[in-house]
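Have a look at the structure first.

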Amino acid sequence: MKALDALAKACEVRPGEAADAVPSVPPPRITSPGIPPSGATSPGVPPSGLTSPGVTPPSATSPGVTSAGVTPAYVAAPATVAEAADLMRTAAEHGLTVVPRGAGTKLHWGAPPDGCDLLVDTRRLGRIVEHAAGDLVVKAEAGLPLDDLRDVLSGADQQLALDLLPPGGTVGGVLATGVAGPRRLLYGSARDLLIGITVVRADGVVAHAGGKVVKNVAGYDLGKLFTGSYGTLGLIVEAAFRLHPLPRATAYVSATAADPAQALQMAQAVLHSTLVPAAIEVDGPDPITVAVLLEGVPDGVPPRAEAARSLIGGRIDDGPPGWWARLPDGEVLAEVRALPTALPDLFAELPDGRARIRGSAGRGVWHAALPADGADEALTRLRRHGTAVALAAPPGVRLDRWGPIPALPLMRRVKDQFDPGHRLAPGRFAGGI
């Protein structure tokens, strides 16, 4: 109780329960209170407390939740950056292992941590700190749901051009996992749109990098370092992003390919045209579908859509296909990165009739759903053509999640610098980092 009493001086804290376990299977979505529209300052503090109205912790009896995972000794919910710093400082003083959690939509990604004394719930860090609409920049706290941020920005005809995979994530969660959706082809990923970041180090010291100016180049690029770090380097508390205007018109062109080779030809035809697609996605097999997103002004999109249809055939729709910006369903979820031209080879490596691949045929980033039995062999085959990382897998499935990592010695040195005690999400990342 000594640690609990000390943590309680920093912010709201309670003993952990089985329902708080860091899972190795997908939890149900955790919803957050809505954030009202705002101008340049905070839209207000979300209701305090871990069981605030509209905030539903995962239930141990909910569908898809098992006892697998690591149950924290304590759960804390800082409401300000200062509280987060005090919390991390206290955790360091007591030698506690720490795992951050936002909406919990990707908490089952990566390996289950070796330990979790303290789960840091960031959902009370849910403010828009500043929206400089004239500069196309927004600064937000890590616990803000991206859906709420999108609603606020749309009021100014602006967007943070990130597609949520899966839906329901937070600002901090999308950075910690480095996930990106279809429109990464045109706009880039979270690490490309990030221009500033504030983190709390393992020892409780607040560190800033970048800023709210798009051309700011001061300091080390901690933003890119923390993107995709799975909470192993520090606690992300704020982030600044560059924005884009909302497109005034969109169109989707979808066509079915006879085989992976034809799907590649179709994707390459659009990619190397002058149409400037926002996304080129492939989903398959049975059937293999190529879908293209075009964005722009009302007078310009229709002729571009017709030109795209002349290249790949198919149909033009106002909305996306049902699978668009959704992760494929399967027991093991992997992210595969390879040259876009490797698409037919990736299809050839999938287990017959029991796997699916979906993703950007323009950027060469796909998500593959694999059956648990034989997943390790499938990952090995996919790695012949690029990298393949198992993001999520059922408990008890033995596989090499990460594959060969030439930069692992450097990554270990970075971990030693940022987290000398190896207390932050220990074991969640590559090489047991």
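## Cysteines and a helix with a buried side

C11 counts as buried, because its relative accessibility is 7% and the cut-off for buried is under 20%. Keep in mind that this model is predicted. C116 is buried as well, at 4% relative accessibility.

| Residue | Relative accessibility | State |
|---|---|---|
| C11 | 7% | buried |
| C116 | 4% | buried |

A disulfide is a covalent bond between the sulfur atoms of two cysteines. How many disulfides does the structure hold? The count is 0.

Now let's turn to L379. This residue sits in helix α11, which runs over residues 375–382. Leaving aside residues up to four places away in sequence, L379 touches A334, L370, A388, A390, L399 and D400. W402 lies 23 residues from L379 along the chain, and the C-alpha atoms of the two are separated by 9.3 Å.

Which residues of α11 are buried? They are A375, A378, L379 and L382. These residues are on the same side of α11, because they cover an arc of only 100 degrees around the axis.

How values were computed
Residues numbered from 1 in each chain as written. Predicted model: local features only at pLDDT ≥ 70, side-chain atom pairs only at ≥ 80, totals over all residues. Heavy atoms only, no water. Helix = DSSP H or I, 4+ residues; strand = E, 2+ residues; numbered from the N terminus. Contact = heavy atoms within 4.5 Å. Buried < 20%, exposed > 50% of the residue type's maximum accessible area, 1.4 Å probe, protein only. Arc of directions from axis to C-beta. Disulfide = S-S within 2.5 Å.
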